Amino acid sequence: MKAYLFGWNPVKWAWHDIDEDIQKLSANGGLEETWSVASHKTIQPGDRAYIVRLGLEPKGIFASGIVTSEPFLALRKGRTYYRIIITLDVLLNPDKEPILTFDILKTGNLASQTWTPQGSGIAIRPELVDELEGVWQDFLNG
């Protein structure tokens with residue numbers, strides 16, 4: 001399975017209804033979110049998605065899901081971007097609950113991955129996908 005890293009910077013875009021979205025995910029077992037994607041030529045439905053909080057502490061992974069659409073063009077802020085739909089299976093509020101921080105992500109083999117992407121939707125190194133999923137699941141079950 002391929003996996004991709006998507007960035008969220010609350011300085012640039014406030015997620016005002018994150019608590020409501022967490023409740024929707026809990027009630028429905030998933031939550032669809034549209035996200036910009038840099039790797040639009042390689043990403044496919046079924047790929048794993050992780051969302052990392054940037055800009056403000058705490059920084060790290062706070063959400064995950066599965067890509068559920070082909071990339072499509074959409075207009076945002078007067079520019080055209082490639083976007084995809086991610087069906088989230090985990091969504092944490094970084095201001096209220098622990099997240100998988102850079103302290104953990106920047107250790108061992110995972111340190112070779114860029115965790116602060118300039119563009120949202122970058123590929124995670126194939127050799128790290130299984131390890132990242134294991135660390136994420138251990139963190140969630142912690």
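**Entry 1: salt bridges around arginine 48**

I began with glutamate 133, which forms a salt bridge with arginine 48, the closest N and O atoms being 2.9 Å apart. Glutamate 133 lies in helix 3 and arginine 48 in strand 3, so this pair ties together parts that are 85 residues apart in sequence. I note here that the model is a predicted one.

I then followed arginine 48 to its other partner, aspartate 89, and found that their side chains meet in a salt bridge at 2.7 Å, N to O. This pair also links distant parts of the chain, with arginine 48 in strand 3 and aspartate 89 in strand 6, 41 residues apart.

Is arginine 48 buried or exposed? I looked up its relative accessibility and found 6%, which counts as buried. Aspartate 89, at 33%, counts as partly exposed, and glutamate 133 is partly exposed as well, with a relative accessible area of 22%.

**Entry 2: a further salt bridge**

The structure holds 6 salt bridges, and I took up one that joins the side chains of arginine 53 and aspartate 95 at 3.1 Å, N to O. Arginine 53 sits in strand 3 and aspartate 95 in the loop between strand 6 and strand 7 (100-101), 42 residues apart. Arginine 53 counts as buried at 2% relative accessibility, whereas aspartate 95 counts as exposed at 60%.

**Entry 3: the largest nonpolar core**

I turned next to the largest nonpolar core, which has 40 residues, and noted that Phe6, Ile61, Phe62, Leu88 and Leu91 touch the most other members. Among the elements that give two or more residues to this core are strand 1, helix 1 (18-28), strand 4 (60-67) and helix 3 (129-141).

**Entry 4: the largest pocket**

Last, I looked up the largest pocket, in which about 710 Å³ of space lies. Of the 22 residues that line this pocket, the closest to its centre are Gly7, Asn9, Lys12, Arg76 and Ser120. The lining divides into 9 nonpolar, 8 polar and 5 charged residues.

Which strand gives the most to the lining of the largest pocket? I found that strand 2 does, with 4 residues, while strand 1 (3-8), strand 2 (31-36) and strand 6 (79-91) each supply at least two.

How values were computed:
Residues numbered from 1 in each chain as written. Predicted model: local features only at pLDDT ≥ 70, side-chain atom pairs only at ≥ 80, totals over all residues. Heavy atoms only, no water. 1 Å grid on protein atoms, 1.4 Å probe; cavity = no way out; pocket = protein on both sides within 12 Å on 5 of 7 lines; lining within 4 Å. Points joined across faces, edges and corners; volume = space filled by probe spheres on them. Nonpolar A, V, L, I, M, F, W, Y, C, P; charged D, E, K, R; others polar. Core = buried A, V, L, I, M, F, W, Y, C linked by side-chain atoms within 4.5 Å. Buried < 20%, exposed > 50% of the residue type's maximum accessible area, 1.4 Å probe, protein only. Salt bridge = Lys/Arg side-chain N within 4 Å of Asp/Glu carboxyl O.
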